[in-house]
Amino acid sequence: ICDDCLVIDDCGSRLHARGSYPSVRLWPDAAAALLDLRQGGLTPVAEYTEKLRVPVDGRALRFCEGPTPLARVYVLDGDSSHAGDTSEVRINPLSRREAFLELLKHSYRLDVRALPSLRDDFDRLARAANRMAIARLAFPRQLARLGEVRDAIVRDLDRRVSDAPIGAILSEDSASCSTRRS
């Protein structure tokens, strides 16, 4: 699990994901609903927010240090007109064009004036959009129903990953992956 930054590595035949740092930030109500707060270890993120930093230390959450095969990317449905009002979990595949636009929207570039780098970024994003399975995930914004969301994602992965069952993909040895960024 990771928060905010996910690096996607091009490992030749498959794309791999790599989390940036072993920490997750949660609102207090989410932390209370999802974690055993008696374990401690939660610290405030900053003075300007109520969010809490949850260490990903293997007790409540695990962090994978190395690259992991990327089976699917889920983009959270942010359309406020129906995202919070949905009564069911919906997973809809995106077209390659929609996938490219979502990857672009969720990318971060320090210097947007560096045109050669921007061209390279667009090329990498286009290649990734053509190679990745990307879907939009809409779900009820109720912590009590988070198990339904997890179950829908697992079913989707089992149904859509054509070259191997999800368990085989997640347990595959990814040590041979280079760190070339895609």
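The buried residues of helix α3 are Leu-118, Asp-121, Leu-125, Ala-128 and Ala-129; buried means under 20% relative accessible area, exposed over 50%, and partly exposed in between, with a 1.4 Å probe and protein chains only. Seen down the axis of α3, these buried residues fall within an arc of 100°, so they line one face of the helix. The arc is that of the directions from the helix axis to the C-beta atoms.

This is a predicted model: local features need pLDDT of at least 70, side-chain atom pairs count only at pLDDT 80 or more, and totals for chains, interfaces and linings use all residues. Residues are numbered from 1 along each chain as its sequence is written, and side-chain values use heavy atoms, with hydrogens and water left out.

In general, an α-helix has 3.6 residues a turn, so residues three or four places apart point the same way.

What do the buried residues of α3 pack against? They pack against β2 (15-19) and α2 (96-105), where contact means heavy atoms within 4.5 Å. Helices (H or I, at least four residues) and strands (E, at least two) are DSSP runs, numbered from the N terminus. On the face of α3 turned away from its buried side sit the exposed residues Pro-116 and Arg-119.

Ala-126 also lies in helix α3. Its relative accessibility is 32%, so Ala-126 counts as partly exposed. The C-alpha atoms of Ala-126 and Ala-99 are separated by 8.7 Å, and these residues are 27 apart along the chain.

Last, Leu-34. Leu-34 is found in helix α1, residues 28-34, and counts as partly exposed because its relative accessibility is 43%.
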